[in-house]
Structures are given as C-alpha cells and as structure tokens.
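Please keep the structure open while reading.

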Amino acid sequence: MAYLTDLLNGFLWMFNFLMLPAITYGSMLALGALGVTLIFGILRFAHFAHGDMMAFGAMISLIGVELLNHFGIFTYPVPAGLLFLPVAMLLTVLLAIGLDQSVYRYYRRMKSPPVVFVMASIGIMFLLNGLTRLIKGAELSKFNARRTFGIEEVDVAALTEQLGKRAVRTRTDVATEGEIVQVSEPEFVFFTVRQFKEATGLSEGFGLDLIQLIMVALAVSIFLGLYWFLRRTRTGKSMRAFSDNEDLALLSGIDPQKVVFVTWLIAGSLAAVAGTMYGLDKGYKPFTYFQMILPIFAAVIVGGIGNPQGAILGGYLIAFTEIFITANYRKVANYLLPEPLEVMGNLQLLGTEYKFGVSFLILVLVLLFRPTGIFRGKVF
Amino acid sequence: MANSRYWLSFGMLAILIAVTGWVQGWSVALSLLTVGLISAVMALGLNMQWGYAGLFNAGVMGFSAIGAIACVLVSMPWVTASMSIGLETLLQNPEGQQQAIETLQQDLPRRIAAEQQIGVAWLIGAVSAVLAWGINWALRSRFSGGRRAIIVVLILAVGLMFFQNRFDPAIRVIESTGFGDDSKYLGGLQLPILLAWIVGGGLAALAAWVIGKIALGLRSDYLAIATLGISEIVIALLKNEGWLTRGVLNVTGLPSPVPSAKALQLAPYHLEMGTSLIVNKVAFLAIIVLFLAAFLWLAHRALHSPWGRMMRAIRDNEEAAGAMGKDVVMRHRQVFICGSFLLGVGGAMLATYVLQFEPAGYQPLRYTFLIWVMVIVGGSGNNLGSVVGGLLIWFVWIQAEPAASWLFHVLGDQYAQGGNEWARTMIDRAPQMRTLVMGMVLLLVLRFAPRGILPEALQRK
Amino acid sequence: MSGGYGGADILSGCSIEVDRGEISVIVGPNGAGKSTAMKAIFGMINLREGSVLLNGKNITGLPPQERVGQGMAFVPQGNNVFASLTVDENLEMGAYLRRDDIRTSMEQVYELFPALKEKRRQSAGELSGGQRQQLAFGRGLMTQPDLLMLDEPTAGVSPIVMDELFDRILEIKESRIGILIVEQNARQALSIADMGYVMVNGENRHTDTGAVLLANPEVRRSFLGG
C-alpha cells in the first residue's frame with residue numbers, strides 16, 4: 001500500500017515537472033513548426049527568421065498589455081496578452097506579407113536557388129532582431145510585471161478587490177516622498193501544487209494555471225482548424241496541391257499569388273500565437289525566441305518537411321525528449337526504489353544547458369537514418 | 001578595367017582607416033585593421049566553402065570557437081604542473097603562506113587522482129562508442145535503420161551513465177583546485193601560441209570532416225541547419241565544460257606571439273610607453289598580415305589549379321559534373337575541410353589578439369552572420385573580395401555603434417534631459433541599430449549587388 | 001508557328017489543326033519538336049511568329065493559366081498528378097477554376113475510368129502507372145475543355161495498359177472534345193488519328209489522315225519500321 005503511494009508520488013512528480021511542461025512547450029514548438037513546415041513546403045525554403053517573427057508577435061502583445069496596464073486597466077483573471085492576440089496576429093501577418101513583397105517575391109520571380117532565400121531570411125532575421133530589441137529591449141519582461149502608479153492614478157480599493165490583497169501594495173517612494181501603488185497582477189491558478197498536496201496528503205503534486213490550459217486548448221483548436229482548412233476547403237486543398245506539385249498546380253489554374261498570401265497569413269498568425277503564448281508562460285525575452293529555431297527546425301525535419309501532422313508530432317516529440325533527457329530523476333528513482341538502494345547524488349543524463357543539443361542530436365540521427373522524417377516528407 | 005575596382009576598394013579602405021586614425025587615434029585604427037584582417041582570414045575560409053562550392057555553412061562561429069579553444073589547450077600551462085611549481089616556490093619562502101601551502105599539499109594528490117579517473121572515464125566512453133559502432137556495422141544487414149538507431153542510442157546511453165559516474169566527481173575536484181589564475185580547469189600543453197593557431201585550424205578541419213560525413217550531400221538548407229546546430233552544441237560545450245575551458249570564468253593571459261607593451265618598455269627594447277603600445281600592435285598586425293598573405297597565395301593557387309577549376313565546374317552544374325563521374329560529395333568535403341581550417345585559424349588569432357578565451361562572447365549567429373555579410377559584400381568567389389569585405393564590414397560594425405549613439409543623442413538629448421524615460425531608453429538601445437543596419441546591408445547587397453564589391457574574377461557562363 | 005526556347009528556333013513554319021470531336025496526332029523522331037509544338041500551343045513557349053486560335057479566338061497573347069480558362073487542358077508527360085492528394089481531390093483540383101457544381105463532371109470521369117472510382121479516397125501516389133495516367137486525363141477533363149492536349153500519354157506504360165489508354169481516348173472523343181496527342185508510338189497513335197502530323201526537324205513533313213499516313217511507304221519506313 002505504501003508502495004502504491006510511492007508510485008503515485010513518482011508519477012505525480014513526473015507529471016508536474018516533466019509532462020506538463022513538455023505538453024506546454026510542445027504545443028509552442030508544434031505551432032512554430034507548423035508555420036515553418038508550411039513555408040518549407042510551399043515557399044520551399046528554410047525560414048530562419050521564424051523565431052524573430054514569433055518574438056515580434058509576442059512583443060506586440062506585450063506592448064498592448066503594458067498600454068492597457070498603463071491606464072490602470074487589469075483584466076484578471078483573463079490574461080491581457082490573450083486579448084491582444086488578434087492585434088498581434090494581424091500585425092505579424094502584415095509584417096510577413098510586407099517582407100515577402102519587398103524581399104522574397106523578387107527572388108521567386110528570378111527563380112533563385114533556395115540558398116538565396118535562406119540568406120535573405122537570415123538578413124530579415126537580423127533586421128527583426130534589431131527591430132524588436134530597439135522597440136522593446138533585450139531584457140526579460142514578464143506580461144504581468146509589477147507596475148507602479150502614483151496614488152491618484154488608480155482606484156486602489158477596486159484593484160484590491162479585483163486582484164486580491166497581495167497584488168496591490170501602497171508604499172512611499174523614497175525619491176519623491178509621494179505615495180505610490182505597486183500592482184503585480186497575479187496569474188489565475190486553478191490550484192497550486194501546495195493546495196494539491198494539502199488536499200490529497202501526498203508528498204508530490206501538480207498545479208494547473210489558466211495559461212497552461214489556454215495554451216494547450218488554443219494549440220489543439222488551431223491544429224483542428226488547420227486540419228479542417230487544409231483538408232476540406234478549396235483554398236486549403238489548392239495549397240496542398242501547390243506544395244505537392246507546383247507546375248501541375250499552375251497548370252490547373254491555381255493562383256500562386258493567392259497561395260503565397262495565404263501561406264504567410266497562416267504562418268504569421270501561428271508565429272504570433274506561439275510567441276505570445278510562450279511569452280505569457282515564461283516571459284518575453286527576444287533571445288529565447290531566436291534559440292527556438294533549432295528545436296523547431298528539428299521538429300519539422302523529424303516530422304517530415306512539408307507535412308503539417310508531422311510538424312505537430314515532431315513538436316511534441318522534441319519537447320518531450322528535450323525535457324525527459326535533461327531531467328534529474330533522483331526523486332523518481334527514490335520513490336520507486338526500496339530504501340537501501342536510494343540514490344544520493346544526481347541522476348541526470350545530460351545537464352539542462354544541453355537542452356538544445358538534444359534537439360540537434362535528434363536532428364542528426366534523423367538525417368542519418370531517415371532523412372525523409374516520420375511521415376516521409378520531401379527530402380528535396 | 002577590373003584592376004581599377006581593386007585599387008578603388010583598397011584605396012577607399014585605406015582612407016577609412018586613415019581617417020579613423022586621425023579622428024579616433026592610431027590605437028583604435030590599428031585595432032580596427034587587425035581585427036578586420038583576422039575577420040578577413042575567416043571570410044576567406046567561408047568564401048572557399050560558399051564561393052567555390054556553394055556550401056552554406058551557418059556554423060562559422062563553432063569552427064572559430066574550436067580554433068580559439070585550441071589556443072587554451074595548446075599554450076596555457078598545465079594546471080597541475082603549475083600547482084607543483086607553485087608549491088615548490090612557496091616552500092622556499094613559506095612565511096605567511098601556511099594556508100596556501102596546506103591547500104596545495106592537500107589538493108595536488110586529489111587532482112592527480114582525479115586526472116586518472118578522467119582517463120578511465122574516457123576509456124569507458126571510447127569503449128562504448130566503439131561497441132556501438134561495431135554492433136551497428138555488424139547488424140546493418142539484419143536490422144533496419146530505425147531499429148539500429150535505437151540500439152546504438154541505448155548502448156551509448158548506458159556507456160554515458162558509467163562515464164558520468166567516473167567523470168563527475170573527478171570534474172568537481174578539477175574545477176575547485178588550482179594555483180592563482182591557473183585554476184579550475186585542466187590547462188594546456190604550454191606549447192608556442194603560433195603552433196596553437198595551426199592546431200586550432202587542424203581541429204576545426206577535423207570537426208568539419210565529421211560534420212561533412214553527416215550533413216554534406218544533402219540540400220543546402222539541411223547543411224545550414226546542421227552546421228548551425230553543431231555550432232550551438234560546440235559553444236554550449238565550451239561554456240559548460242569548465243574542466244576543459246573554465247567555462248564562464250574565461251581563460252585570461254593567453255600568451256602572445258609578440259612581446260607585450262610592458263615587456264617592450266624593459267630591456268632590451270627600452271621603448272617609451274606610447275611607442276611600446278604602438279609597436280606591440282604593429283608587430284601583431286605584421287604576423288597576421290604574413291599569415292593572411294600566405295593563405296591568400298595558397299587560395300589563389302588552389303583556385304587556378306585543375307582542382308579549383310573542377311570545383312567551379314561542379315558548383316556551376318552539379319548534375320552534369322555528377323553525371324561525368326566526378327565524386328561531387330568528396331570534392332565538397334575537401335572544400336569544407338579546407339575552409340574550416342581557415343575558420344579555425346581565424347578563431348585562434350582572434351582569441352590571441354584579445355589575449356583571452358571568452359566563451360560567453362560567442363553570440364549565436366551574430367558572429368557567423370557578420371562573416372557571411374563580409375563574404376557577400378566583398379564578393380563571393382573572389383579571395384581578395386573576402387579581404388575587402390572583412391575590413392569594410394568590420395569597420396561598419398564597429399563604427400555603427402558610436403555613430404548610432406551620436407545620432408540618437410543628437411535627436412533625443414533634449415527629450416532625455418527633460419526626464420523623458422522613453423527617450424533615455426532609446427538612447428541606451430542605440431547599439432541595437434547595428435544589427436538592424438547589418439540586416440539591411442545584407443538584404444540590399446543580395447538584391448542589388450549580389451556579386452559583391454569585387455566580383456568573381458573568372459568568367460562564369 | 002515558329003518559335004523556340006530563345007536562341008535558335010525549334011519550330012519553323014509548323015501548322016497544327018484540331019477539330020472538335022476529332023483526334024489529331026503529332027508523331028516524329030526524337031527531337032523533332034513534337035513536345036515543343038504542343039507546349040507552344042499551350043503557351044509555355046514564346047512564339048516568334050505565328051498564332052494560336054481556339055474556337056476562332058486568338059489566344060496567342062495569353063499565359064498558360066489563362067488558356068486553361070479558355071477551354072484548353074494540358075496533360076503533361078510525367079509528374080502529372082498530385083501524388084499526396086486523393087483521387088477525388090485530384091479531380092477537384094482539375095476543376096479548380098470552375099465555379100459550378102462539379103459532381104456531374106466527376107461522375108462522368110468515373111464512368112469513363114471505372115478503375116479510378118474504386119480508389120477515389122486513396123492518395124494518387126498509390127495508383128499504378130496506368131491508373132495514374134487515367135487520373136491525369138481525368139484531371140484534364142474536369143475543366144470541361146474544348147481541346148484536350150496529351151503529351152506522350154503512353155510513355156513508360158506496358159502494352160496492355162497502352163491499349164486501354166487508347167480505348168479511353170476514343171471514348172473521350174465521343175464527348176465532342178478535340179484531342180491533340182503527341183506520341184512516340186506512331187503506329188498506334190496514327191491508327192486512331194483523324195488527322196496526323198509527321199514532324200521532322202521542327203516542320204511538318206507530312207500531313208494527312210491517319211489511315212493515309214499509315215499507308216504511306218516513306219512514313220512507314222522512317223517511323224514505323226517498315
């Protein structure tokens with residue numbers, strides 16, 4: 001009986017520290033990989049600028065939230081970043097299309113080799129890199145960072161009622177000697193790890209907050225929506241046809257301009273969603289988005305280039321592998337093993353600094369043993 | 001006709017350097033010139049890979065870092081030896097050093113034991129790697145690719161766990177002991193630094209051979225992603241494996257091939273302080289120029305040899321060349337290796353110039369990206385173009401920051417003085433303009449002047 | 001028409017005509033310009049001289065995509081189906097430009113090619129060579145063209161499949177569509193042809209009905225192996 005509890009604890013630990021993060025991280029990778037695989041399949045090049053496009057989308061949402069907060073408006077329990085998501089999506093799409101018209105279209109007309117597109121996309125990556133850091137800076141900013149107001153600027157009582165006593169604090173500003181109010185908008189949590197432990201009496205538990213739920217729900221709805229779009233609508237089918245056989249698609253009268261336009265529409269929106277969701281969960285830091293390129297590309301190649309289902313699967317696969325391989329299994333082992341065998345030191349295969357190395361390793365293995373990926377996408 | 005372009009570009013560069021020297025001082029100008037030329041060495045390497053063979057290497061940074069770490073591994077003193085020598089010196093004059101002497105006496109045997117354990121660990125690692133490879137080879141006809149991959153991974157994982165078991169405690173000892181600055185890592189072989197440059201190139205070439213086996217022969221996009229990934233892994237290794245590289249603590253005090261400014265002030269040179277600084281820099285520059293000239297000459301010979309002609313034929317029409325029986329992939333590998341050699345040497349040169357190895361300084365892709373812009377702007381396929389590109393782009397990159405700051409100050413100072421937060425933040429962020437400007441430069445050159453300043457000298461059909 | 005890929009002309013003064021409900025066949029040795037002639041008619045190659053008329057309308061200036069809208073369907077030689085789409089979806093793509101209800105057309109195609117009907121939900125990549133050709137024809141037919149152009153429809157198929165394909169072509173002819181075929185298998189092609197054009201070096205060498213050409217000793221000797 002006690003062993004059963006130990007088993008449960010072990011499982012709960014894994015669920016809280018491994019599976020939940022892997023699911024949320026995987027959702028984000030999957031969304032990013034979907035965009036990249038579409039661009040790969042239809043526009044036929046590796047979109048290195050995707051990470052920074054995600055950063056751009058996240059940045060817009062963040063600016064929106066800061067603007068809202070500036071006027072003393074807090075939207076708890078709804079994360080304000082979510083409200084700005086449509087704006088972020090719109091602006092990111094406009095950015096993507098603008099870049100396409102000014103940069104990529106020329107090379108399409110010239111029928112340049114794919115490597116030129118990649119180089120151009122790297123140039124754009126740097127452009128966006130500098131732009132996002134210029135507009136919002138390179139440091140980490142949380143969506144619910146602490147905001148400071150003068151005492152007259154906000155209705156302290158109303159805010160306290162809305163956000164809870166711990167979120168609103170009045171103090172005296174040392175510099176100006178005036179009263180200021182500091183507001184830290186909380187994240188809505190269904191239950192914390194501690195509440196779970198207290199409720200169940202177990203020594204391990206997991207917590208669930210709104211943002212995690214939204215991430216997964218949003219991701220799944222997008223997957224389903226995209227599936228419906230690609231499989232059941234005329235435009236979606238024409239895009240699949242275009243990706244499959246461009247010459248024949250043109251012969252059938254499919255308009256390449258429209259296909260390109262819709263591709264950027266979808267990819268840009270996906271990037272904005274992925275970027276915003278990740279930012280809501282972990283905070284906005286442009287560099288992190290750039291680093292994501294590697295696992296995203298790994299996900300795309302593992303799943304098969306140009307294959308949307310592959311991208312989704314690849315995203316979750318990479319996320320789970322990254323997290324499970326760099327985890328410290330000491331606690332789990334101690335729950336599962338009998339007392340005398342308990343492990344003292346760490347039981348880690350690889351350190352967490354090597355997370356991205358893991359995705360790359362997977363990438364290499366796939367390239368060596370099965371370059372077309374799980375779903376046999378194009379090798380080119 | 002073509003010659004005038006060369007004179008024009010080099011002339012313009014000379015003017016830029018001269019103006020910098022006049023406005024900002026000769027020290028700055030010399031520094032610009034030196035790093036510009038070092039970058040030119042790296043651009044030359046990348047140019048070989050891209051201009052001769054059309055290979056997209058997005059992992060330039062990784063190769064350079066390998067060259068840089070070679071400086072550490074070849075030329076820094078072996079820490080355990082330093083410790084012994086240090087102990088002896090202290091024992092000769094032990095007043096007030098009791099604590100230090102005791103620590104050293106304790107640590108030395110622990111360290112030696114740890115080093116032995118490291119040896120054992122690597123032996124285990126080697127055995128499991130050989131085992132995995134052997135089983136993979138033996139089973140290759142009986143099992144499919146996917147299953148063999150799983151078996152290989154399992155063997156390696158088990159081997160890794162045993163390896164860690166020996167390795168981790170040993171590493172902890174290494175990373176916590178030492179003597180003065182020579183501490184917390186294994187150290188190097190204390191050989192001359194110029195040898196380190198060559199070794200650096202060699203190690204980078206070796207890495208290129210390994211990567212080439214994996215990633216060449218696939219589409220250029222794949223090579224880009226693969227090289228990017230390798231480079232990230234290399235940098236991660238260098239940042240985290242403190243026992244090898246001191247990680248984020250950096251390795252300072254790399255030996256220089258020329259006497260330092262301070263040494264020049266003493267016997268037998270007896271130079272003035274100002275002159276000594278200049279002479280030190282000029283001497284270093286001279287060595288770089290020598291190396292660059294040698295590489296340029298070699299590259300020129302290679303380009304105009306039958307080998308070079310074949311490379312270009314392959315690049316221009318890969319299918320036809322393949323049909324004619326030329327082993328395209330092998331040729332690509334040769335170019336990839338040679339180019340990476342230069343990247344490694346360049347990385348070693350850079351580390352030696354700044355006299356330290358700083359893993360955190362390898363900003364992902366920005367480093368790689370700059371070299372790419374140098375190649376494209378200078379003229380891909382043209383060796384001298386790499387030199388022009390290297391100097392010019394480095395100049396722009398360095399000068400863009402003060403220029404942007406100046407511009408932002410001019411535009412924003414009035415607002416910033418008035419306490420406008422936003423204006424002040426923007427002024428702080430002026431350095432970001434560099435990245436933006438570089439991105440624009442690349443895009444503009446790609447679009448409007450794709451052949452670069454000094455286009456490829458030989459005729460293309 | 002005269003024209004080529006830029007540089008020297010491949011076609012010089014060559015003339016092709018197809019009537020509604022009739023089959024015209026272009027045969028000739030390799031490199032004679034047969035495929036070039038067809039591509040020129042479809043607009044994939046610029047004509048230096050000459051014109052293309054469809055139902056009396058001059059469409060010489062239109063790009064290929066717009067000629068599809070005018071009633072011309074082109075079935076290329078290889079790579080002529082969407083391998084990752086189902087048979088149904090392939091036909092739907094064929095009818096991309098049509099705005100009306102395409103189900104009747106699809107049923108007609110399935111009547112014509114019953115083997116395809118069984119596999120309508122399978123992806124085109126799983127079809128056999130002959131079935132793929134049939135699907136390619138079907139895709140072309142979905143636009144309800146006035147002129148169906150087939151570029152070497154029997155390339156790389158076995159003789160049995162080839163016979164079946166030609167039977168199908170004859171059935172298509174029943175629906176009053178004009179059919180233009182470029183063929184390597186001159187004998188079979190001419191036997192179903194209402195009009196035959198033998199091309200050599202970019203120009204018409206012989207023009208006559210299929211039967212006459214088959215009987216022509218010179219033609220027999222050169223292209224039919226006696």
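The model is predicted. In chain C, 6 strands form an open sheet with mixed pairing, in the order β6-β7-β8-β2-β9-β10. The edges are formed by β6 (72-75) and β10 (203-208) of chain C, each of which pairs on one side only. Direction ignored, neighbouring strands of this sheet are turned against each other by 15 degrees on average.

Strands of a sheet pair through backbone hydrogen bonds, either parallel or antiparallel. Which sense applies to strand β2 (residues 23-27) and strand β9 (residues 195-200) of chain C? These two strands pair in the parallel sense, over 4 bridges. Within this pairing, C:Val25 stands opposite C:Gly196 of β9(C), and C:Ile26 has C:Tyr197 of β9(C) as its bridge partner. β2(C) also runs parallel to β8(C), with 4 bridges joining the two. Here C:Ser24 stands opposite C:Leu180 in β8(C).

How many residues of β2(C) are buried? The strand is mostly covered, with 5 of its 5 residues buried. C:Ile23, C:Val25 and C:Val27 point one way from β2(C), whereas C:Ser24 and C:Ile26 point the other way.

Helix α1 (residues 34-42) of chain C lies across β2, β6, β7 (147-151), β8 (178-182) and β9 of chain C. Its direction is at about 145 degrees to β7(C). Helix α7 (residues 159-174) of chain C lies across β2, β7 and β8 of chain C, and runs at about 150 degrees to β8(C).

How values were computed:
Residues are numbered from 1 along each chain as its sequence is written. Chains are lettered from A and ligands numbered from 1 in the order in which they are written. This is a predicted model: local features need pLDDT of at least 70, side-chain atom pairs count only at pLDDT 80 or more; totals for chains, interfaces and linings use all residues. Two strands pair if DSSP finds at least two bridges between them. Axes are lines fitted to C-alpha atoms, for helices over the stretch in contact, and angles run from 0 to 180 degrees between N-to-C directions. Two residues are in contact if their C-beta atoms, placed from the backbone, lie within 7 Å. A residue is buried if 20 or more other C-beta atoms lie within 10 Å of its own, exposed if 12 or fewer, and partly exposed in between; C-beta atoms are placed from the backbone.
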